[in-house]
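Student: I would like a close look at a single part of this model, with the terms spelled out as they come up.

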Amino acid sequence: MMPLSGYLTVSVALFCIGLYGLVQRRSLIAMLIALELMLAAASLNVVAITTLSGGGGWRQIGLGHASSVGQVVALILIGVAAAEAAIALSLFVAIQRYASTINVEDLSELKG
Amino acid sequence: MTWESALFWLSGAMALAGAMLAVGLRNIFHNILGFALALVGVAGLFLTLGSDFLAVVLILVYVGALAIAMVYAVMLSYPLDTRPRPRSTRKVLGAAALAALVAAALFAVVLGAHFARAAGPRETSAAWVGRRLLGDYVLAFELISVLLVVAMIGAVMVARKARMPRQAPTPTPKLIG
C-alpha cells in the first residue's frame with residue numbers, strides 16, 4: 001500500500017493544475033473542465049484519507065471503519081458534479097444562442 | 001515493485017499528464033480528451049485504494065457521460081472557424097503565480113500534517129458501500145437522485161430554444177393555379 005502522502009501530493013497537484021486552468025482559460029467550457037478536475041482532486045483526497053488514516057474515532061461512536069463512509073462521500077460528490085455539469089453545459093448553449101460567444105471576456109454586459 | 005505501487009505510479013502520471021493536457025492545449029477537443037485521460041488516472045488511483053466500485057462509477061460518469069456531453073456542448077456552441085486570440089502574457093503569468101502560491105501552501109500543510117494510522121479492517125468493497133448507501137446514508141442517496149432529476153429537467157428547460165419574438169405571420173404563397 002502506498003503512503004498517504006503520495007496520494008495527497010497527486011491530489012494537490014491536480015487541484016492546482018485545475019485552479020490554473022480556471023483562472024487562465026477564457027472559454028466557459030474549458031473553465032468547466034478545469035473545475036471538474038478540481039472536484040476530482042477533492043474526492044481523491046477524501047477517499048485516500050478515509051482509507052489510509054483515521055477510523056478509530058469512527059468505530060468508537062459506532063460508525064464502523066471510515067473507508068466506506070469516504071466512498072459514500074465521494075459518490076455523492078460525483079453525483080453533484082454530474083448535475084452541476086449538466087446545468088452548466090445547457091447554460092453555455094443558451095448563452096451561445098443569446099450572445100453568439102462563450103468567451104468570458106466578451107460577456108461583459110453587467111460590467112459597470 | 002508490487003503491482004499496487006506500479007499501478008499507483010502509472011495512474012498518478014496519467015492523471016497529472018491528462019490534467020496538463022486539459023488546461024494547457026488550445027484546441028477544446030484536445031482539452032476534453034486530456035480531461036478523460038486525467039479521470040481514468042484518478043480511477044486507477046481509486047483502484048489502488050481498493051475502491052473498485054468508485055473507480056467504475058467515476059469512469060462511467062465522467063468519461064462516459066460528462067466528456068460526451070462536453071463534446072455535444074462544443075458542437076452546439078463553439079465557433080471552430082475563428083482563430084483563438086493570443087493570450088496576454090501578464091495574465092498567464094498571474095494565473096501561474098496564483099496556482100504556484102496555492103500549491104506551496106497546500107504542500108506545506110499536507111507534508112507537515114500527521115495522520116493517524118488506520119485502525120481496524122477496511123471496508124472498501126462494493127458490498128460495504130451499498131450497505132452504507134441504503135443504511136445510515138439513505139437520505140443523502142435519495143436526495144442525490146432528486147437533485148439529478150431536477151438538474152436534468154432544468155437543463156432541458158434552459159437549453160430549449162427560447163420562444164422567438166412574435167411577429168406578423170408572413171403570408172404563405174398560394175399555389176392555386
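Student: What covers the buried residues of α3(B)?

Tutor: This is a predicted model, in which local features need pLDDT of at least 70 and side-chain atom pairs count only at pLDDT 80 or more, while totals for chains, interfaces and linings use all residues. Residues are numbered from 1 along each chain as its sequence is written, and chains are lettered from A and ligands numbered from 1 in the order in which they are written.

The cover of the buried residues of α3(B) includes α2 and α4 of chain A, together with α2 (28-48) of chain B; contact here requires C-beta atoms, placed from the backbone, within 7 Å, and helices are DSSP runs of H or I with at least four residues, numbered from the N terminus. The buried residues of α3(B) include L54(B), Y62(B), L66(B), M70(B) and S77(B), a residue being buried if 20 or more other C-beta atoms, placed from the backbone, lie within 10 Å of its own.

Helix α3(B) runs over residues 52-77 and, with 26 residues, reaches 36 Å from its first C-alpha to its last, close to the expected 38 Å, that expectation being 1.5 Å times one less than the number of residues. At L66(B), which is itself buried, α3(B) bends by about 25°, taken as the angle between axes fitted to the seven residues ending there and the seven starting there.

Of the covering helices, α2(A) is itself mostly covered, with 20 of its 25 residues buried.

Note on methods:
Helix = DSSP H or I, 4+ residues; strand = E, 2+ residues; numbered from the N terminus. Buried ≥ 20, exposed ≤ 12 C-beta atoms within 10 Å, placed from the backbone. Contact = placed C-beta atoms within 7 Å.
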